[in-house]
Amino acid sequence: MKHIIFLLSLIAASAAVFAQSPDAMEEAAPLADTVSFDKVLHDFGAMQKGKGQEVVFNFTNTTSTPLVIVDAEVNCKCTKVKYDKRPVMPGGKGTITVSYDAKQTGTFYKRITLRNNIYPQGLVLTIKGEVR
């Protein structure tokens, strides 16, 4: 009996989700107010130990608010991040430079979280590769 009640509840909940109009779904997820990156993942591929590399992530502030990056969080000292601390105005362009030192062999996957004034959860960039 519990299984039947659970199944009926699941069906009712599913029906409520699929009953939403497309207009209501669009209102819940605005896409126009974003920061647009040329890429958010960079694969360095195979790297030689001791020969670090860097990549530049380009972005455009397509929001209606000046973007201020206040911090770049990384999870190790092997990754360094450079960015302009001045506001990037709406429609303006900016760059984030990320370098990896390649001092240890093995594969790596590093996330860079850009803390800023628009997105409380941060903007996330990723680098990966393998040091041989």
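1. Cysteine 78 is buried, at a relative accessible area of 15%, whereas cysteine 76 is partly exposed, at 21%; buried here means under 20% relative accessible area, exposed over 50%, and partly exposed in between, with a 1.4 Å probe and protein chains only. The model is a predicted one, in which local features need pLDDT of at least 70 and side-chain atom pairs count only at pLDDT 80 or more, while totals for chains, interfaces and linings use all residues. Residues are numbered from 1 along each chain as its sequence is written, and side-chain values use heavy atoms, with hydrogens and water left out.

2. The torsion about the S-S bond of cysteine 76 and cysteine 78 is about -60°, so the disulfide is left-handed.

3. As to the overall fold, the protein chain has two helices and eight strands, which follow the pattern α-α-β-β-β-β-β-β-β-β along the sequence; helices (H or I, at least four residues) and strands (E, at least two) are DSSP runs, numbered from the N terminus. Of the contacts between residues at least 6 apart in sequence, 63% join residues at least 24 apart, where contact means heavy atoms within 4.5 Å.

4. On burial and surface, 30% of the 132 residues in the protein chain are buried. The accessible surface comes to about 8900 Å², with 58% of it belonging to carbon and sulfur atoms; the areas come from the Shrake-Rupley method with a 1.4 Å probe, and for residues only the protein chains shown count as cover.

5. The largest nonpolar core has 25 residues, and those with the most contacts inside it are Phe37, Phe57, Phe59, Ile96, Tyr100, Leu114 and Ile127; such a core is a set of buried Ala, Val, Leu, Ile, Met, Phe, Trp, Tyr and Cys residues joined through side-chain atoms within 4.5 Å. Two or more residues come from each of several elements, including strand 4 (69-73), strand 6 (93-100) and strand 8 (123-131), and strand 8 gives the largest share, four residues.

6. The count of aromatic pairs comes to three, given that rings of Phe, Tyr and Trp (its six-membered ring) pair if their centres lie within 6.5 Å, with planes under 30 degrees apart counted as stacked, over 60 as edge-to-face and the rest as tilted. One of them is the tilted pair of phenylalanine 37 and phenylalanine 59, at 5.3 Å centre to centre and 40° between the planes. Phenylalanine 37 lies in strand 1 (residues 35-37) and phenylalanine 59 in strand 3 (residues 53-61), so this pair ties together parts 22 residues apart in sequence. Both phenylalanine 37 and phenylalanine 59 are buried.

7. Phenylalanine 44 and phenylalanine 108 likewise form a tilted pair, at 6.3 Å centre to centre with 45° between the planes. Since phenylalanine 44 lies in strand 2 (residues 41-47) and phenylalanine 108 in strand 7 (residues 106-116), the pair ties together parts that are 64 residues apart in sequence. Both of these residues, phenylalanine 44 and phenylalanine 108, are buried, and ring pairs link Phe44, Tyr100 and Phe108 into a cluster.

8. Two lysines deserve mention: lysine 39 lies over the face of phenylalanine 57, at 5.9 Å from the ring centre, and lysine 85 lies over the face of tyrosine 83, at 4.4 Å from the ring centre. The criterion is that NZ of Lys or CZ of Arg is within 6 Å of the ring centre and within 35 degrees of the ring normal.

Notes. Disulfide = S-S within 2.5 Å.
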